[in-house]
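Take a look at the fold below. Follow the chain slowly, then read on.

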Amino acid sequence: MYLVTAEEMRAFDATAIQEYGIPGIVLMENAGRTTFHIMKTRLGPDLQDLKVSVVAGPGNNGGDGYVIARYLINHGAEVETFLLSPRDKIQGDALINLKILEHMTSRIFHVTDSESMNVAARKWRESEVIVDAILGTGLNSEVRSPYRDAILEINSSQAIRVAVDLPSGLDADTGKILGCAVKADITATYGFKKVGMAVYPGIAYCGDIEVVDISIPLPAIEKNPPQAMLYSSPNAATYYGLRMNPEAHKGIFGHLLVIGGSPGKTGAPAMAAHAASRIGAGLVTVGVPAALNSILEVKLTEEMTAPLPESVPGFLGITALERLLDLAEGKRCVVLGPGLSTEYDIPEMVQRFLSSYTGWLVIDADGLNALSGRMDILKSTEAKVVLTPHPGEMARLTGKSPREVQEDRIGTARKFAVDFGVWVVLKGAGTITASPDGMIVINTTGNSWMASGGQGDVLSGILGGLLVQNIPPEEAIPFGVFLHGLAADSLLEKVGNSPMLATDLLQEIRILLGGKREE
Ligand SMILES: NC(=O)C1=CN([C@@H]2O[C@H](COP(=O)(O)OP(=O)(O)OC[C@H]3O[C@@H](n4cnc5c(N)ncnc54)[C@H](O)[C@@H]3O)[C@@H](O)[C@H]2O)[C@@H](O)CC1
Ligand SMILES: [K+]
């Protein structure tokens with residue numbers, strides 16, 4: 001499902017109006033009428049005497065509200081409309097619809113000062129339904145009064161809250177709350193879901209979301225497709241059709257190299273390797289410091305190990321580089337970083353590996369930390385790089401604080417991906433995949449039980465395991481992220497709330513890929 005920014009939505013509206021000749025007021029009518037029908041389905045069928053307050057702001061979002069008020073009145077609801085801005089500021093299609101409403105009813109109240117706000121707030125508390133038509137995609141900064149006061153009052157009422165296009169106060173592009181926002185029960189959004197409705201914290205303010213077709217012409221969408229998508233319900237089996245080929249052999253499915261491990265961190269490369277096998281990599285070799293090889297030999301059964309020269313016992317470093325590059329030769333994909341550590345000359349080894357290797361390269365954990373401050377290498381490397389940072393690692397890579405990263409997850413991931421020509425998988429609730437051309441995919445699976453050790457190692461193995469099978473990155477990466485989260489959701493459903501080990505997910509992935517549910 002596509003997601004749009006405010007600017008993309010404005011462009012679609014403008015194209016529909018200017019290039020295709022659909023009058024703006026038709027779009028507004030479509031928006032308002034369909035929202036009314038959604039309300040009727042959910043709150044009706046009989047709307048007779050339903051007490052509804054429509055709270056309207058200064059722009060076209062308010063205009064949608066007047067249309068909704070009109071249909072509600074036509075169907076017997078007891079509607080009161082509240083104008084939060086001076087009437088002389090209302091223009092265009094919104095003004096036309098306000099005038100129609102003024103012909104139909106005298107129950108239109110002007111909220112001009114604190115006294116009239118108190119009166120309005122009392123009425124809102126007595127309402128059964130409040131339609132929030134205060135601010136939509138035109139919001140461009142922290143919400144100012146009187147809209148702020150109105151939003152806080154609306155949130156304190158017991159009424160069912162229906163947001164028009166998006167909850168007022170929500171940043172359509174980032175999901176950030178601009179000071180305060182309406183906590184909606186239902187959001188009817190126009191044309192496309194807005195990006196900010198698919199990421200936290202915005203997502204938590206929308207309630208149930210209904211996407212309304214306001215009649216943006218399909219050719220306009222095909223010509224300029226939105227730059228973000230929500231990823232859900234892919235057909236896992238699609239990628240495994242090749243397995244049905246009786247002549248398949250393990251070479252077809254690629255040979256993955258995992259590089260990592262240090263004292264105390266041998267589980268990480270083992271989990272990554274095992275996850276890659278589970279997702280279907282043909283062969284997996286783990287390159288580890290020689291001193292740790294026998295430990296990995298015990299941990300791994302299907303996967304091979306390659307003991308590497310060490311700078312310091314138990315740690316990789318520059319001395320391993322030549323052998324690493326030999327091992328990577330002919331491998332379609334390398335996973336670099338699980339349990340690697342950043343001690344001694346490991347960062348230099350990582351950097352030099354990047355300047356020679358040319359295949360797919362998934363960089364996680366200490367592999368990412370080894371890049372901090374040396375990002376120029378990402379620009380010059382010929383490797384096709386996938387970075388899988390959590391917000392803390394992303395913060396280190398960008399020089400931002402983790403909070404700044406979280407406040408604009410999409411913008412941060414997209415900018416980094418485009419600037420450095422890499423794929424970025426920014427982990428966390430609603431993991432974001434950003435491609436080098438700026439396309440964004442937001443994941444829909446996963447739960448908080450995934451916040452446990454080893455999950456990142458498993459994900460890096462899944463991604464490496466998919467890329468090594470020659471699945472195109474734009475499919476492999478969002479799919480791997482999706483499947484990882486889906487395994488956690490599926491386990492939660494079966495087992496209930498109990499701690500989830502990273503490796504518990506591997507068996508679940510097997511069941512999901514097989515398309516069969518365990519009884
Ligand atoms: N033709 C179109 O463009 C269509 C637009 N539609 C509706 O129109 C909305 C967008 O309309 P507009 O562009 O008029 O914008 P909005 O109605 O979202 O609000 C813009 C108004 O809010 C004020 N404002 C902006 N930031 C503020 C802040 N921080 N605090 C207080 N006031 C602030 C601005 O001064 C402006 O008057 C959409 O969300 C959608 O609901 C729909 O009717 C469909 C068609
Ligand atoms: K709104």
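How many bridges pair β10 and strand β19 (residues 440-443), and in which sense? They pair in the parallel sense, over four bridges.

## Ground rules

This is a predicted model, in which local features need pLDDT of at least 70, side-chain atom pairs count only at pLDDT 80 or more, and totals for chains, interfaces and linings use all residues. Residues are numbered from 1 along each chain as its sequence is written, while chains are lettered from A and ligands numbered from 1 in the order in which they are written.

Helices (H or I, at least four residues) and strands (E, at least two) are DSSP runs, numbered from the N terminus. Two strands pair if DSSP finds at least two bridges between them.

## Two domains

The domain assignment of the protein chain gives domain 1 (2-226) and domain 2 (241-427 + 453-469). Such bounds come from an automatic or database domain assignment. The C-alpha centres of the two domains lie 47 Å apart.

Four residues of domain 1 are in contact with five residues of domain 2. Contact requires C-beta atoms, placed from the backbone, within 7 Å. On the domain 1 side, the touching residues divide into two nonpolar, one polar and one charged. Here Ala, Val, Leu, Ile, Met, Phe, Trp, Tyr, Cys and Pro count as nonpolar, Asp, Glu, Lys and Arg as charged, and the others, Gly among them, as polar.

## The seven-stranded sheet

One open sheet has seven strands, in the order β4-β3-β2-β5-β6-β7-β9. The pairing is parallel. β4 (108-110) and β9 (208-212) stand at the edges with a single partner strand each, so one side of each is left without a neighbour in the sheet. Neighbouring strands are turned by 20° against each other on average, direction ignored. Three bridges join strand β3 (residues 78-83) to β4. F82 has F109 as its bridge partner in β4.

Helices pack on this sheet. α2 touches β5 (129-133), β6 (160-164), β7 (186-190) and β9, and its direction makes about 155° with that of β7. Helix α5 (residues 114-126) touches β2 (51-56), β3, β4 and β5, and its direction makes about 140° with that of β2. For these angles, axes are lines fitted to C-alpha atoms, for helices over the stretch in contact, and angles run from 0 to 180 degrees between N-to-C directions.

## The twelve-stranded sheet

The other open sheet has twelve strands, ordered β8-β1-β10-β19-β18-β17-β16-β15-β14-β11-β12-β13. Its pairing is mixed. The edge strands, β8 (193-194) and β13 (304-308), each pair on one side only. Strands of a sheet pair through backbone hydrogen bonds, either parallel or antiparallel.

Strand β1 (residues 2-4) and strand β10 (residues 228-231) run antiparallel, joined by two bridges. L3 has A228 as its bridge partner. A228 also stands opposite I440 in β19. Strand β16 (residues 384-387) and strand β17 (residues 423-426) run parallel, again with two bridges. There, L387 is partnered by V424. Helix α8 (residues 267-278) packs on the sheet, touching β11 (255-259), β12 (283-289) and β14 (333-336). Its direction makes about 170° with that of β12.

Five bridges join β12 to β13, which run parallel. T285 stands opposite M304 in β13. With helix α9 (residues 293-299), these two strands make a right-handed β-α-β unit. Right-handed means that, with the strands pointing away from the viewer, the path from the first strand over the helix to the second runs clockwise.

## Around ligand 1

Which residues are closest to ligand 1? They are G59, N60, N61, G136 and G138, out of 28 residues that surround the ligand. A residue is near if its C-beta atom, placed from the backbone, lies within 6 Å.

The shell divides into eleven nonpolar, twelve polar and five charged residues. α3 gives the most, with five residues.

Most residues other than glycine have a negative phi, and most peptide bonds are trans. A cis peptide bond joins G44 and P45, with omega about 10°. P45 lies in the loop between α2 and β2. The bond from S145 to P146 is also cis, with omega near 10°. P146 lies in the loop between β5 and α6 (147-155).

S215 is not a glycine, yet has a positive phi of about 85°. S215 is found in the loop between β9 and α7 (218-223).

Methods: Two residues are in contact if their C-beta atoms, placed from the backbone, lie within 7 Å.
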